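Trainee: Before we discuss this entry, could you bring up the sequence and the coordinates so that we can go through them together?

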Amino acid sequence: MVFEKFAKAGIIPVIVIEDVEKAVPLAKALVAGGLDVLEVTFRTACAAEAISRIKREVPGAVLAAGTVLTKEQLSAARLAGAEACVAPGFDPAIVRAAQEIGMPFCPGVASASELSQALSMGLKMVKFFPAESAGGVKYIKDLLGAFRWTGVKFMPTGGVKASNVADYLAVPEIVCCGGTWIVPKDALAAGDFAKIESLAKEASDTVRRIRNA
Ligand code: 3PG
């Protein structure tokens, strides 16, 4: 199951690709740094092309499509070879469309009501977004007080970074975190893949440290 791969990775880089030529070297740097699950967001026109190039040329990478807001993006993500889709919010119509084509979908929630609706559609894994602004680790722990018994798992994203990711991953139900901090915009624009690989390595070391503690 693809969400088990998310959990195993622990940290998922959220990627915004402007230049499709950078997709493959970027993915190689992230995988070399120990992060193999990549969320390529549909915020730029070349997202689908980036996913299919990475899929073709970086066999170690597990591809998720991010910011999937429409049925067209859902189809494009599937055609490109994404194994899962992620969204910042919860849209039952998109979740249903994903379920109809057998695409694992992780919607964003930021409240008990949205979480209830996601669970009632049979989802077991949700993004918590925007994590820091919505209340951070404390808010998730409070939600878990009521929802832990359901077995729900969280992927907080939004304001998660090197300095606070360990606090999130210390909560057992937070199986992974997403974020853009591993792929800084300026480093990607400059083609500084060594920097990105070292940020990925730092992130994967953090996951290992927490899990071995
Ligand atoms: C996302 O869509 O997951 C967020 O844009 C990531 O948020 P961040 O830039 O704060 O990591």
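**Strands, ligand and cysteines**

Mentor: In this predicted model, Ile11, Pro13 and Ile15 point one way from E1, whereas Ile12 and Val14 point the other way, and all are buried.

Trainee: How many of the residues of strand E1 are buried?

Mentor: Strand E1 covers residues 11-15 and is mostly covered. A residue counts as buried when its relative accessible area is under 20%, and in E1 the number of residues that are buried is five of five.

Trainee: Which residue is the bridge partner of proline 13 in E9?

Mentor: E1 is joined to strand E9, residues 177-179, by three bridges, and the two run parallel. E1 also pairs in the parallel sense with strand E2, residues 37-41, over two bridges, and there valine 14 stands opposite glutamate 39. In E9, the bridge partner of proline 13 is glycine 179.

Trainee: What share of the area that the ligand exposes when taken alone does the protein bury?

Mentor: The ligand is surrounded by Val14, Arg43, Lys127, Phe129, Thr157, Gly158, Gly159, Gly179 and Thr180, and by class this shell has two nonpolar, five polar and two charged residues. Oxygen atoms of the ligand lie 2.2 Å from a polar side-chain atom of arginine 43, 2.8 Å from a polar side-chain atom of lysine 127 and 2.7 Å from a polar backbone atom of glycine 159. Taken alone the ligand exposes 310 Å², and the share of this that the protein buries is 79%.

Trainee: Is cysteine 177 buried or exposed?

Mentor: Cysteine 177 is in no disulfide, and the nearest cysteine sulfur, that of cysteine 176, is 6.9 Å away. Because its relative accessibility is 0%, cysteine 177 counts as buried.

Note on methods. Residues numbered from 1 in each chain as written. Predicted model: local features only at pLDDT ≥ 70, side-chain atom pairs only at ≥ 80, totals over all residues. Heavy atoms only, no water. Near = heavy atom within 4 Å. Polar contact = N/O pair within 3.5 Å; in protein donor to acceptor, adjacent residues only side chain to side chain. Areas by Shrake-Rupley, 256 points an atom, 1.4 Å probe, with all protein chains shown as cover. Nonpolar A, V, L, I, M, F, W, Y, C, P; charged D, E, K, R; others polar. Disulfide = S-S within 2.5 Å. Buried < 20%, exposed > 50% of the residue type's maximum accessible area, 1.4 Å probe, protein only. Helix = DSSP H or I, 4+ residues; strand = E, 2+ residues; numbered from the N terminus. Pairing = 2+ DSSP bridges.
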